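Visitor: I have a protein model open here. Can we go through it together?
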Amino acid sequence: MARTLHLSHRRSHFPSHPHHHLLQNPPNISSTSPSSSFSPPHNCSFRRIFVYNLPAVFNQELLDNCVELDPWHSRCRALSNDGFGSKATGLSGVIPEELVPAWYWTDQFAMEIIYHNRILNYKCRTMEPDSATAFYIPFYAGLAVGKYLWFKYRWKDRDRYCEMIFKWLQEQPHWNSSGGWDHFITMGRITWDFRRTKDEDWGSKCIYLPGMRNITRLLIERNPWDYFDVAVPYPTGFHPRSDSDVLEWQDFVRNRNRKTLFCFAGAPRDTIKNDFRSLLLRQCMNVSGLCRAVDCAGTRCSNGTSLVLEAFLDSEFCLQPRGDSFTRRSIFDCMVAGSIPVFFWHRTAYLQYQWFLPSDPKSYSVFIHRNEVKNGTSIKSVLESYSKEEVKKIREKVIEYIPKLVYAKPKEGLESIKDAFDVAIEGALNRIKEQKQFGHKWK
């Protein structure tokens, strides 16, 4: 729960209608109203998805009120461009010029919008619920709860949206016929933001509501002991427009001249005794010329800077301790840049993103137990023990998996390459099929 706090905040009522926006063109979601001319292709047997046309309060009104989603500042710019955020600037000369338009300053909590826009254009979307294999709930649970996590908001404020959506779902015949087991949802925050067990604790109790128990939940961090939680990649800044963008980017990071052995981008936690990040920063700074440190204290590494991307592009390895929770977006920024991640907790990646990463952790990463580092193990010595051939082999595995770690720009997806959205939807459909066959659901 250690999040970066700001000095001022502004409260607002629920729900509200904005009188102005910071952007001329605020974020918008295409209508989910059925079209009689829309029909899925013939090869969609057992893969048809029906997207609920929810009342606007659960998605579009949240975007319309983007100025009020955060206690400290407007979220309108971060959620613009279909959730991709502002177009990236300052990348000229850092990456190939022809790929600059594929980069955005994407917010790590924008996943709900990205998935919603993509699934509305999914090739096997059906307008006939009776023919559907699965049902998608386009509720922006993460955006809805975000501002209520802070200050003196009550537990009732944090639970209000979830209680409303489940009241609505209970009135839907296909929900009642299955108990929700063939439904899935994207929740654009970590699972712990939805797992409050006591009124005075952090987060909402959304996942613990009876109606949520059988739903497959796509989150940026899962509870490894909850079958229905599925971790999907954090959004990064790279949103390829075509297969050729992906292939060109892979070639670029493969042939990059990496000047430093390893890097670390992160902020020390001065208020935490024996802070592990501070230890990593010290090790990095003590090996002059071999490690590049990017101190992310304050807002230095927030959306809108190329510093972190440059560090990852220039380094053979990137240190990836746990974030404010067990995972961090930096894992994906690192790997998309073709740098090899170094983990210190198994739960940072190995117990999270099984659909998106190789099954053998050693094939794409290095693991050094945090206690070894605390007891004096030199990270530099461990990384220097890898031969050039070993590093090249591991990096190639990282590069191979880049398509599965990014979200493509076209709403229809890429031509032939599967991105993170494609992998997630395919996995969700397979899981729902398994649940139907083997009964993996709460009674």
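This is a predicted model: local features need pLDDT of at least 70, side-chain atom pairs count only at pLDDT 80 or more; totals for chains, interfaces and linings use all residues.

Guide: Residues are numbered from 1 along each chain as its sequence is written, and side-chain values use heavy atoms, with hydrogens and water left out.

Visitor: How many helices and strands are in the protein?
Guide: The protein has 13 helices and 12 strands. Helices (H or I, at least four residues) and strands (E, at least two) are DSSP runs, numbered from the N terminus.

Visitor: And what share of the residues is buried?
Guide: Of 443 residues, 58% are buried, meaning under 20% relative accessible area (1.4 Å probe, protein chains only).

Visitor: Which residues touch the most other members of the largest nonpolar core?
Guide: Ile-49, Ile-95, Phe-184 and Trp-249 do, in a core of 75 residues. Such a core is a set of buried Ala, Val, Leu, Ile, Met, Phe, Trp, Tyr and Cys residues joined through side-chain atoms within 4.5 Å.

Visitor: Which helix gives the most to this core?
Guide: Helix α13 (residues 420-438), with eight residues.

Visitor: New topic: is strand β5 mostly covered or uncovered?
Guide: Covered: in β5 (residues 183-190), eight of eight residues are buried.

Visitor: What does β5 pair with?
Guide: Strand β4 (residues 134-137) pairs with β5 in the parallel sense over three bridges, and five bridges join β5 to the parallel strand β6 (residues 216-221). Pairing requires at least two DSSP bridges between two strands.

Visitor: What stands opposite Ile-185?
Guide: Ile-137 does, and in β6 the bridge partner of Ile-185 is Arg-217.

Methods. Buried means under 20% relative accessible area, exposed over 50%, partly exposed in between (1.4 Å probe, protein chains only).
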